[in-house]
Amino acid sequence: MSERELAWGRWMASAQAGDAAAYEALLREIVPALRVFVGARLRETSAAEDVVQNVLLSLHRARHTYEPSRPFGPWLRTIARNAISDALRARGRRAERETSLPDADRIADLREPARGDAPLSARMERALAELPPAQREAVELIHVRELSVLEAATRAGVSVSALKVRAHRGYKALRILLGGRERDV
Amino acid sequence: MSERTDALIDELARGLRPVRRLPGLGRVALGIAGLAAALAGAQLVVASFTRSPWPKPSFAAADAATIAAHALLATGALAVALGACVPGRERLARAGGLAVALAFGAVVWIGCVRFAAWPGVAALAPGWSRATLACALGSIVPAVLPVFLFARFGARAAPHRVSLALFFGAVAPLGLLTLPGILGCAYPDELHHVVGHLLTPALGALGLLLVALPVFASARASQRP
């Protein structure tokens with residue numbers, strides 16, 4: 001076991017006891033190693049960064065399963081391998097199961113004021129206020145605060161899929177509220 | 001480092017709370033195996049009072065091989081189940097998988113070569129099926145308790161393949177709980193022996209997933225903030 005992994009194990013044990021500084025140091029230290037590990041197994045660079053973030057989230061959720069008497073490296077690599085295999089399976093399913101967010105661009109277009117009309121930003125605000133809270137939060141996190149879907153899901157405390165569903169319903173409702181036709185959505 | 005990854009790390013560190021570590025796998029294994037062994041012992045005691053005369057196992061070579069194969073099956077399945085629940089324990093899971101394969105091969109050999117029996121259309125005979133079902137359920141029903149406990153443990157742990165972990169978590173107690181039936185069954189039929197006893201750990205574990213999966217899901221849901 002390398003000196004570096006020993007230090008990571010110690011930091012993880014401190015993190016289990018609630019030491020936020022050790023935890024932050026650990027996460028910042030492991031990210032470059034994770035990028036190499038994930039990048040070697042996943043060809044797409046853009047997807048690799050998402051997988052690295054998923055590994056960090058999985059590590060956070062599974063941090064109570066780390067046993068300080070055991071090496072940290074295999075524990076981390078298993079979490080990373082699982083995240084990679086999830087990403088590869090999701091990639092295979094995406095084409096048939098997931099709905100992309102085509103409405104996102106249209107919503108962004110609506111930010112621009114239209115000639116002879118009330119400023120659309122004000123109309124958007126009114127329309128947003130009429131959405132159910134969960135849908136409003138999803139749309140705001142992605143389009144107002146411009147977070148990634150993963151970050152927005154973390155912030156909202158729901159899964160990525162649940163957040164996408166909420167956002168999609170929000171876009172649909174916004175189109176109707178802003179006078180668009182539902183079949184355009 | 002990308003800004004989003006940076007922000008995520010900030011957020012995870014900011015929201016960090018102390019956690020209670022998962023109990024050691026050795027302790028969990030002892031608990032599950034001990035409970036299954038106690039239930040198997042209780043089955044023997046109950047059977048000794050209710051069955052008259054109690055058919056005594058001969059402890060011939062074939063019985064010894066059956067006991068050894070089922071003990072190996074239970075141990076291996078427990079290793080696979082526990083190894084699948086905790087990251088970094090693949091070696092344990094792989095070793096367990098090898099043990100399960102060997103044990104299952106031995107069970108099939110004992111059932112099919114020793115008894116020269118293979119379940120065919122005779123398995124559909126109503127009387128034969130009733131006796132077989134009774135013997136299989138006699139092993140499966142007591143296994144519900146250890147399966148329930150393992151599913152609760154699995155929900156606290158971090159299994160990547162939940163169904164796989166729960167399936168082997170059910171095979172393990174069934175491996176022990178089929179032994180009293182195998183050694184004391186009064187029904188003199190080879191096919192009954194193969195389906196009602198030797199294959200019960202595998203077939204029963206599939207059925208016990210119906211218990212384990214909802215328990216796992218509800219325990220997981222209750223842990224979410």
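What is the mean pLDDT of chain B, and what share of its residues reach 70 or more? The mean is 84, and 85% of the residues of chain B reach 70 or more. This is a predicted model. For the complex, the predictor gives an ipTM of 0.79 and a pTM of 0.72.

**Chain A: overall make-up**
- Chain A has nine helices and zero strands.
- Read from the N terminus, its elements run α-α-α-α-α-α-α-α-α.
- Chain A has 185 residues, and 35% of them count as buried.
- Take the contacts in chain A between residues at least 6 apart in sequence: 53% of these join residues at least 24 apart.

**Chain A: the α8–α9 pair**
- Two packed helices are described by the angle between their axes and the distance between the axes.
- Helix α8 of chain A covers residues 149–156, and helix α9 of chain A covers residues 160–177.
- Their axes come within 9 Å and cross at roughly 95 degrees.
- Angles of 65 to 115 degrees count as roughly perpendicular, so α8(A) is roughly perpendicular to α9(A).
- From α8(A), the contact uses A:Val149, A:Leu150, A:Ala152, A:Ala153 and A:Ala156.
- From α9(A), the contact uses A:Val160, A:Leu163 and A:Lys164.
- By class, the residues of this α8(A)–α9(A) contact are seven nonpolar, no polar and one charged.

**Chain B: overall make-up**
- Chain B has ten helices and zero strands.
- Its elements run α-α-α-α-α-α-α-α-α-α from the N terminus on.
- Chain B has 225 residues, of which 40% count as buried.
- Among contacts in chain B between residues at least 6 apart in sequence, 82% join residues at least 24 apart.

**Chain B: helix α7**
- Helix α7 of chain B spans residues 162–177, which is 16 residues.
- From first C-alpha to last, α7(B) reaches 23 Å. That is close to the 22 Å expected at 1.5 Å a residue.
- Is α7(B) largely enclosed or largely open? Of its 16 residues, 13 are buried, so α7(B) is largely enclosed by the rest of the structure.

**Where the chains meet**
- In the contact between the chains, 25 residues of chain B touch 29 residues of chain A.
- Helix α1 of chain B (residues 3–14) gives the most to the side of chain B that touches chain A. Its share is nine residues.
- That side of chain B is made up of 14 nonpolar, four polar and seven charged residues.

Terms used
Residues numbered from 1 in each chain as written. Chains lettered and ligands numbered in written order. Predicted model: local features only at pLDDT ≥ 70, side-chain atom pairs only at ≥ 80, totals over all residues. Contact = placed C-beta atoms within 7 Å. Helix = DSSP H or I, 4+ residues; strand = E, 2+ residues; numbered from the N terminus. Nonpolar A, V, L, I, M, F, W, Y, C, P; charged D, E, K, R; others polar. Axes fitted to C-alpha atoms, helices over the stretch in contact; angles between N-to-C directions. Parallel < 35°, antiparallel > 145°, perpendicular 65-115°, else oblique. Buried ≥ 20, exposed ≤ 12 C-beta atoms within 10 Å, placed from the backbone. Expected span 1.5 Å × (residues − 1). pLDDT = per-residue confidence, 0-100.
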